[in-house]
Each structure stands twice: as C-alpha cells, then as structure tokens.
2 protein chains.
Amino acid sequence: MFPSSDNDVILICTSILSLSEVLNSMPLRRLKRHTLFVDVLSVKEHPRNVLLQVLPENMDVLCTHPMFGPESGKNGWKDLPLVYEKVRVRDETRCSSFLHIFESEGCRMVEMSCEEHDKVAARSQFLSHSIGRILAEMGIESTSMNTKSFETLVKLKESTTNDSFDLFSGLFIHNRFAQQELMNLEQSFEKVKQRLLKKMSEQQSLSSV
Amino acid sequence: MFPSSDNDVILICTSILSLSEVLNSMPLRRLKRHTLFVDVLSVKEHPRNVLLQVLPENMDVLCTHPMFGPESGKNGWKDLPLVYEKVRVRDETRCSSFLHIFESEGCRMVEMSCEEHDKVAARSQFLSHSIGRILAEMGIESTSMNTKSFETLVKLKESTTNDSFDLFSGLFIHNRFAQQELMNLEQSFEKVKQRLLKKMSEQQSLSSV
C-alpha cells in the first residue's frame, strides 16, 4: 500500500532511533522520481544526513521540527514554532504548499540550519527533558505547600514522562550538542553545590568564633 | 524605637543566616513579659530552636512560613499556603488574631510541625531554587524555538535569581533535609546519565552489526 508511486510527498514520522531502519526498508525505487521527503524528528542533523545518504539525488529533502506535542498543541498550533531547513529543494512550489499547512494553522515559521536547530534544541528541549527525567527519578510529587515554581516542576516531570524514554534517548544519542549540554548541566550542578558547601563552612566558622 | 515595651507581637523578618545575630542584639528585657514572637523564615526547625533557646520561658512562639513572595503573591494571597506551628502558645486569642491576618487575605492555612515543614520544603522550595540556580549557572536564555516546558524553566531561573544567594544558602545550611535532597538530586542525575550512556552504547552495537 504505502508508500505508493502516487505520493508527491512522503512524511517520515518515525522515532529517532528507528529512522535508518525504516528508511532502509522502504521500496524507494517504486516511488515517483521526484518525491519530496519530509521528516519531523526532534533532532535535525541526523535525519538530514541519513536522508541525503539513502535517497537518490533526484528526490527533494525538507527537514522540519514542529516544536509541540499533544499536550502543548492541544488547543491549536497558533504561535507554536515550526523549525525547518530546505535541505535539497528543487520544486519550491511543492515545498511551499507543504509548509503552508503549518503556516495556515498559525505556526511561527522558523527557518534555520539543522546544525543550528540541534545546538539550540540541546539547550532547550533536551535540557527540559533531562530535568523532567531527573525529577521523575527523584519521585517528586505535589505537596500541600507547593510554591508556584515547584508546581511548574511537577508539571514538567509529568509532561516529560508522558513521552517515551526512546524519544529522550534519541534526543541525546543523535544530537552531538546534547551530549555537551549534559556535561554543562553536570558541571553547573557541581559549581552550585560547591558554592553552597563553601558558604556552609564559612557560616560554621563564624558561629564557632 | 523598636522593639518597644508596648508591642504585643514581635514579627521577626530577618534573613535565615542573620537570625541568631539579630535576636541576640534585641533588648529582650525591655519587652512586655508575655510578648508573642513570630518568625516568617523559609526554614522552620532552625528559628524554632533559636527562639526557644534565646527567649524567656514566659514569651510565646509562633513559627510561620508564608509560601509566597513579591512575584507569586503580587496579585493577592488567595489560596497561597501559610504554614505554621504553634510552638509555645499560651495566649490562644492573640495567636489567632495574628493568624487571622493571613486567613482574611484568603491564604490556605496549613498547620504542621517545623520538622515536617522542613522535610517537605527541602523537596519543593529548595529543589526549585537549586534547579533555578543550576540553570542560571548554565546561562540559559529564551530562544526563538522555545518549547512550553523550556519557557517554564527560563521563568524559574529568573524568579530564583531575583532572590538573594543568602536566601538560597540559608535554605540549605539551616535545613538538614535540604542537604539530603541535594544528594538525592545528584544521585538521580547520575542514574539518568547512566541510562542514556547505556542506551547509546546499545544503539552503537546494533548499528555496527
């Protein structure tokens, strides 16, 4: 059935981890010669590289990342970011028609390179997921005396664990900047801890005078 | 001027770190014999211990923690938690009159022991501040492709750094449960990191097959 030779556009909606396997299992020869391939993965250098490697030269490649999910997009997509790079686009009209689907829903269209996307997403999306996973690991729960800030952390934990661990590990494994951000997070944690311990030892010296 | 012998209630609004110094500098002998001392510190076992140690037996002690600040309470105090313990209250009427100030503003009145407060606050307030400080240390900023979750983290960073480092270190130094939570946070971080690294190495073995 799918993909058939009639498709103008093939939209790849796999998990990050299964992309290569899925693409390699597709009967590319039975498609139209000038098909447009679009992916929606939450990392961008990885699908760009795989698509350019696997697809024949005559097929177009558009890499996109709709930065919202069932939770954040449940009341419509207005002002939510759709990030994209026209990686190899010869048929501009067809590509524009596809992007227009998101434009007409009110998405904020952000054109940037796959590399730039991954750099920024490592610092925003991956970081949010990491903190959500750490809070889940700690088993934090709502209390009778929540501060507003803590309430947002409980929500972050919940929305993160609604996503699969495969998504989270995909964000890490296939985004080289994410690996750097995990180190940054660890180093920043250590710095904050050292500042607290230093202050504690200063206070103890003061009170023993 | 203050504190004068006329005061029925003395409200202690010092920083956590300066509490002992401030109390020890007060002319306690010039106060009414049955004054009610109330503190509003963000830790509770510490002021309870210090107040019981410093104040004469005949003075009443009410420990409170209004769990909101200039930011979260700027549109009124309705439904925001006021945690308190009547540590040593003989004059119930006067204590109730004081608590009524918060009740009449719509605060959610939460009576619990100082110990229980510190246990819960270490897991909510201190944890929020720690994560806010770590994000500040990383220098995170709003991006053109924020997810909703990341936006809440940027706000957390901003509200945390609006508070002083003295407050943050006070939450740590004078709450024995906070020290435990910092270790929990560190251990949970390590577990999440190890799970990611394990998954990455599994994926690399798979793709090299």
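Over the ring of which residue does the charged end of A:Arg195 sit? That ring belongs to B:Phe165, and the charged end lies 4.0 Å from its centre. A charge counts as sitting over a ring if NZ of Lys or CZ of Arg is within 6 Å of the ring centre and within 35 degrees of the ring normal. The charged end of B:Arg195, in turn, sits over the ring of A:Phe165, 4.0 Å from its centre.

A word on the basis. This is a predicted model, in which local features need pLDDT of at least 70, side-chain atom pairs count only at pLDDT 80 or more, and totals for chains, interfaces and linings use all residues. Residues are numbered from 1 along each chain as its sequence is written, chains are lettered from A and ligands numbered from 1 in the order in which they are written, and side-chain values use heavy atoms, with hydrogens and water left out.

Next, the aromatic rings. Over all chains there are twelve aromatic pairs. A:Phe126 and A:Phe172 make a stacked one, 5.9 Å centre to centre with 25 degrees between the planes. Rings of Phe, Tyr and Trp (its six-membered ring) pair if their centres lie within 6.5 Å; planes under 30 degrees apart count as stacked, over 60 as edge-to-face and the rest as tilted. This pair links distant parts of the chain, 46 residues apart: A:Phe126 is in helix H5 (residues 125-138) of chain A, and A:Phe172 is in helix H7 (residues 165-173) of chain A. Helices (H or I, at least four residues) and strands (E, at least two) are DSSP runs, numbered from the N terminus. Both A:Phe126 and A:Phe172 are buried. Buried means under 20% relative accessible area, exposed over 50%, and partly exposed in between (1.4 Å probe, protein chains only).

B:Phe68 and B:Trp77 form a tilted pair, 5.0 Å centre to centre and 45 degrees between the planes. B:Phe68 is buried, at 16% relative accessible area. B:Trp77 is partly exposed, at 30% relative accessibility. In chain A, ring pairs join A:Phe68, A:Trp77, A:Phe98 and A:Phe102 into a cluster.

A:Lys157 lies in helix H6 (residues 148-162) of chain A. A:Lys157 has a relative accessible area of 10%, so this residue counts as buried. Its C-alpha is 8.2 Å from that of A:His129, 28 residues apart along the chain. A:Leu82 lies in strand S4 (residues 81-88) of chain A. With a relative accessible area of 0%, A:Leu82 is buried. A:Leu82 and A:Leu31 are 51 residues apart in sequence, and their C-alpha atoms are 27 Å apart in space.
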